[in-house]
Amino acid sequence: MNILVGDSDTIAAIATGPGAGGVGIIRLSGPKAFSVAKTMTAITATARQAHYVQIHDQHREVLDQGLLIQFPGPHSFTGEDVAELHCHGGPVLLRTILRECINCGARQADPGEFSQRAFLNNKIDLVQAEAIADLISSSTEAAARSASRSLSGAFSTQIDALLEQLIRLRVFIEAAIDFPEEEIDFIGESDVFERLESIEQSISQLLLSARRGRTLRDGLKLVIAGAPNAGKSSLLNQLAEQDTAIVTDIPGTTRDLLREYIQIDGLPLHIVDTAGLRDSGDAIEQEGIRRARTEMLSADHILLVVDNSGYNSSSDSASLIATYKGDLPPSIPITLIRNKCDLNGTAASLTAHKAITEISLSAQNGDGIDLLRQHLLKIAGMSDSETSDFSARERHVLALEDCAEHLHQGLFQLKQHGAAELIAEDLRYAQDSLGSITGSFSNDELLGEIFSSFCIGK
């Protein structure tokens, strides 16, 4: 998959964000990058030095004055010759200069093509390439720091180390298969079992970190559900710390979905307030209830709010939840919110049962809201000393889960049958799953999907 310097055409794009700015950058990469820059500036630049230049069009009219910097390959971001024109950041001016670059022999870059060339020329791996896009689109400071760690190789280093262990184990086991005359006791002489268990444990730990990294990148979708007048909108307003939702004593005030984006200690939360769940003959309210049920199906977590002023504090949680059994997706985790605890003299509290966590609070005066915030951090895996070492995506988590499953199957085969052939096959699948994360094992369809989501110029 390695593309040698000079084997590709020359691409150009505006590398700075959309809109007007003090400075804009046009980036070129490819075999003609320097000749295009020389045609437009009439100078021969020295590598890695900023040159003050006049930028011309093909009729030698001056378009702007700025800087030219050139980075010869392979010691550049893409591994190819790279030239950058730094000029004033007006959108019209930048488009004009980009058009002149194209007139001089370059072509418009596709989304993510600079990063794709860096990947294909082994300057970065696939995780680092994705981290560039994640760093640009980070919605919180914590997410940006995690993406930066991924870009520097924090995630990739762990993947590479595990891949090396898997490869060494595969080499030994397959040697036992291919050279039976050597009488290699691959179970007794090589502590295969301990090595396989150690790799499985490392994958499990890495998977936990990846899940935290994914949550920090994508956020948690939280759906607030319950009966009318339970206090769902008041709870939304407390979490958002502003009057986002209209709150009245009239049942059915909320008839459509209300969405709010907030952060709790760097954790992005996408909160959806829904219409009250009840039997209704009102066509508009029925549609709101239908939408509420649809949103719950795609939730990461549901906050089921009940009006606790009408219940004794010892009311069975299971019976309260059973009231909404037909509305709640069985696979989505639920936290029971006993609201209006101030009206029956119940103190704000959090109780974790084996099956469910319940929180008594008052959305009216804010008692217990901090307990809820800490609980949300915990269910996202971001509480206490747990932090995300790197950013991760859904595909990374799925690949690690697939790898863990094959390792588990390999251990089972070893315990039950001691069959080298079966273990070797499971290890091969595990290695392929792990290698797909960094791109050491990938396909063109996956690469196309990943890089097409990048912005142009990266």
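Here are a few friendly notes on the nonpolar cores and salt bridges of this structure.

1. Please keep in mind that this is a predicted model, where local features need pLDDT of at least 70, side-chain atom pairs count only at pLDDT 80 or more, and totals for chains, interfaces and linings use all residues. Residues are numbered from 1 along each chain as its sequence is written, and side-chain values use heavy atoms, with hydrogens and water left out.

2. Start with the largest nonpolar core, which has 31 residues. Such a core is a set of buried Ala, Val, Leu, Ile, Met, Phe, Trp, Tyr and Cys residues joined through side-chain atoms within 4.5 Å; buried means under 20% relative accessible area, exposed over 50%, and partly exposed in between (1.4 Å probe, protein chains only). Helices α6, α7, α12 and α13 each supply at least two of its residues, and the largest share, 8 residues, comes from α12. Helices here are DSSP runs (H or I, at least four residues), numbered from the N terminus.

3. F155 is among the residues with the most contacts inside this core. Beyond its neighbours within four places in sequence, F155 touches residues including V127, L206, F390 and L400 (contact means heavy atoms within 4.5 Å).

4. Now look at D134 and R217, whose salt bridge has its closest N and O atoms 2.7 Å apart. A salt bridge is a side-chain nitrogen of Lys or Arg within 4 Å of a carboxyl oxygen of Asp or Glu. The pair links helix α4 to helix α7, 83 residues apart. D134 is buried at 5% relative accessible area, while R217 is partly exposed at 31%.

5. R217 also forms a salt bridge with D218, at 2.5 Å between the closest N and O atoms.
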